[in-house]
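Good morning. I have one structure to show today, and I will keep it short. Please look at it first.

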Amino acid sequence: MQWVGEYIGLPYRAYGRDRQGVDCWGLVRLVLAEHFSIELPDLVGDYDAADDDAIARLIDDTRTLVDAEPIDEPRDGDIAVLRYMGHTTHVGVVVGDSVLHASGTRWSILQRRDSVHIAPRIRGYYRVS
């Protein structure tokens, strides 16, 4: 899993889709394309980064859009769906016992799934088929 280091510290950028800056979906999309050969839709223009309710609806719709199946035992490359500020508005990529995600307005980080910062926020894991 040394490859994960390539993604830690990427700057946060709303609607970002490349190494110059990523939001949470952009990071998931980049990692899945580069390391798992899975192409996900861009979704830029499909949401307002300030509208938590719209993002939550988009995440629900995206599970169908990308043909993702809910799973109980995640593995590398699965998508973690997380709740923040009372809304299901965040996604990350499972890497071992951790989640790689774009943290707020700073950069991408790797956090353990059982950490106090991540565990209570996880709403489910999904595998793109």
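This is a predicted model: local features need pLDDT of at least 70, side-chain atom pairs count only at pLDDT 80 or more; totals for chains, interfaces and linings use all residues.

First, the fold. The protein chain has two helices and eight strands. In sequence order, the pattern reads β-β-α-α-β-β-β-β-β-β. The chain has 129 residues, and 46% of them count as buried.

Next, the aromatic residues. How many aromatic pairs does the structure hold? There are two. One is tryptophan 3 with tyrosine 7: the ring centres are 6.1 Å apart and the planes stand at 75 degrees, and because an angle over 60 counts as edge-to-face, that is what we call this pair. Tyrosine 7 is buried, at 0% relative accessible area. Tryptophan 3 also counts as buried, at 17%, because the cut-off is under 20%.

The other pair is tryptophan 3 with phenylalanine 36. Here the ring centres are 5.8 Å apart and the planes are at 85 degrees, so this pair is edge-to-face too. It links distant parts of the chain: tryptophan 3 lies in the segment before strand 1, while phenylalanine 36 belongs to helix 1, and 33 residues separate them. Phenylalanine 36 is partly exposed, with a relative accessible area of 28%.

To put the pieces together, Trp3, Tyr7 and Phe36 form one aromatic cluster. That is all from me.

Technical notes:
Residues are numbered from 1 along each chain as its sequence is written. Side-chain values use heavy atoms; hydrogens and water are left out. Helices (H or I, at least four residues) and strands (E, at least two) are DSSP runs, numbered from the N terminus. Buried means under 20% relative accessible area, exposed over 50%, partly exposed in between (1.4 Å probe, protein chains only). Rings of Phe, Tyr and Trp (its six-membered ring) pair if their centres lie within 6.5 Å; planes under 30 degrees apart count as stacked, over 60 as edge-to-face and the rest as tilted.
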